[in-house]
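Try each task yourself before you read its solution.

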Amino acid sequence: MAALWATCVTACGLALGVHAHSQGQLAATSDIGALTITCLSGCLAPSPSSPLGLHSGPRHPGYWALHGFQAAVTGNTEAYAHATAVIAAITATALLLSARAIRH
């Protein structure tokens, strides 16, 4: 799960880097995006404590990485396989978007 998560983060960074027009734009976008995703994923505060409209839940990779790590610790193989599949799909999507942007 750790290697897959690192690959996912790298692929998302590559997709972001391909679309940025300058280093400043890339730095600002990545900082703001990382803070926003961290706050909304429940990583800083438990998900039940966030207002209903702000919790992003399963809409981003951080949720699935945390879910996969928890499943690995508890031995829940079904949840681990599901989280791994979702992270792999997000990684593949980010890589496809990057490759498409590079070609154009």
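**Exercise 1. A glycine in a helix**

Leaving aside its neighbours within four places in sequence, which residues is glycine 68 in contact with (contact means heavy atoms within 4.5 Å)?

*Solution.* A word on the ground rules comes first. The model is predicted, so local features need pLDDT of at least 70 and side-chain atom pairs count only at pLDDT 80 or more, while totals for chains, interfaces and linings use all residues. Residues are numbered from 1 along each chain as its sequence is written, and side-chain values use heavy atoms, with hydrogens and water left out.

Step 1: find glycine 68 in helix H3. Helices here are DSSP runs of H or I with at least four residues, and strands are runs of E with at least two, numbered from the N terminus.

Step 2: list the contacts, setting aside residues within four places in sequence; they are Met1, Tyr80 and Ala83.

Step 3: Glycine 68 counts as buried because its relative accessibility is 0%; buried means under 20% relative accessible area, exposed over 50%, and partly exposed in between, with a 1.4 Å probe and protein chains only.

**Exercise 2. The overall plan**

Describe the protein by its elements and its totals.

*Solution.* Step 1: count the elements, which gives 4 helices and 0 strands. Read from the N terminus, the order is α-α-α-α.

Step 1: turn to burial. Of the 104 residues in the protein, 21% are buried.

Step 2: take the accessible surface, computed by the Shrake-Rupley method with a 1.4 Å probe. The total is about 6800 Å², and carbon and sulfur atoms account for 69% of that.

Step 3: look at contacts between residues at least 6 apart in sequence; 54% of them join residues at least 24 apart.

**Exercise 3. Helix lengths**

*Solution.* Step 1: H1 has 18 residues and reaches 26 Å from first C-alpha to last, close to the expected 26 Å.

Step 1: H3 has 14 residues that should span 20 Å, and its end C-alpha atoms are 20 Å apart, so the two values agree. Just after H3, glycine 75 has a positive phi of about 85°.

Step 2: H4 covers residues 77-103, and its 27 residues reach 39 Å, close to the 39 Å expected.

**Exercise 4. Buried sides and partners**

Which residues of H1 are buried, and what covers them?

*Solution.* Step 1: the buried residues in H1 are Cys8, Ala11 and Ala15. They lie on the same side of H1 because they cover an arc of only 65° around the axis, the arc being that of the directions from the helix axis to the C-beta atoms.

Step 1: the face turned away from this buried side carries the exposed residues Ala3 and Thr10.

Step 2: the cover over the buried residues of H1 includes H3 and H4. In turn, the buried residues of H3 pack against H1 and H4, and those of H4 pack against H1 and H3.

**Exercise 5. The nonpolar core**

Which residues form the largest nonpolar core?

*Solution.* Step 1: apply the definition, a set of buried Ala, Val, Leu, Ile, Met, Phe, Trp, Tyr and Cys residues joined through side-chain atoms within 4.5 Å.

Step 1: the largest such core has 7 residues, namely Met1, Cys8, Trp64, Ala65, Ala83, Val86 and Ile87.

Step 2: for context, nonpolar side chains in soluble globular proteins tend to be buried together.

Step 3: Beyond four places in sequence, methionine 1 touches Trp64, Gly68, Phe69, Tyr80, Ala83 and Thr84.

**Exercise 6. Serine 98 and leucine 95**

Is serine 98 buried or exposed, and what about leucine 95?

*Solution.* Step 1: serine 98 lies in H4 and counts as buried because its relative accessibility is 1%. Leucine 95 also lies in H4, but counts as partly exposed because its relative accessibility is 41%.

Step 1: a polar side-chain atom of serine 98 is 2.9 Å from the backbone oxygen of alanine 94.

Step 2: leaving aside neighbours within four places in sequence, serine 98 is in contact with Ala11, Leu14, Ala15 and Val18, and leucine 95 with Ala11 and Leu14.

Technical notes
The expected span of a helix is 1.5 Å times one less than its number of residues. Contact means heavy atoms within 4.5 Å. A polar contact is a pair of N or O atoms within 3.5 Å; within protein, one must be able to donate a hydrogen and the other to accept it, and residues adjacent in sequence count only if both atoms are side-chain atoms.
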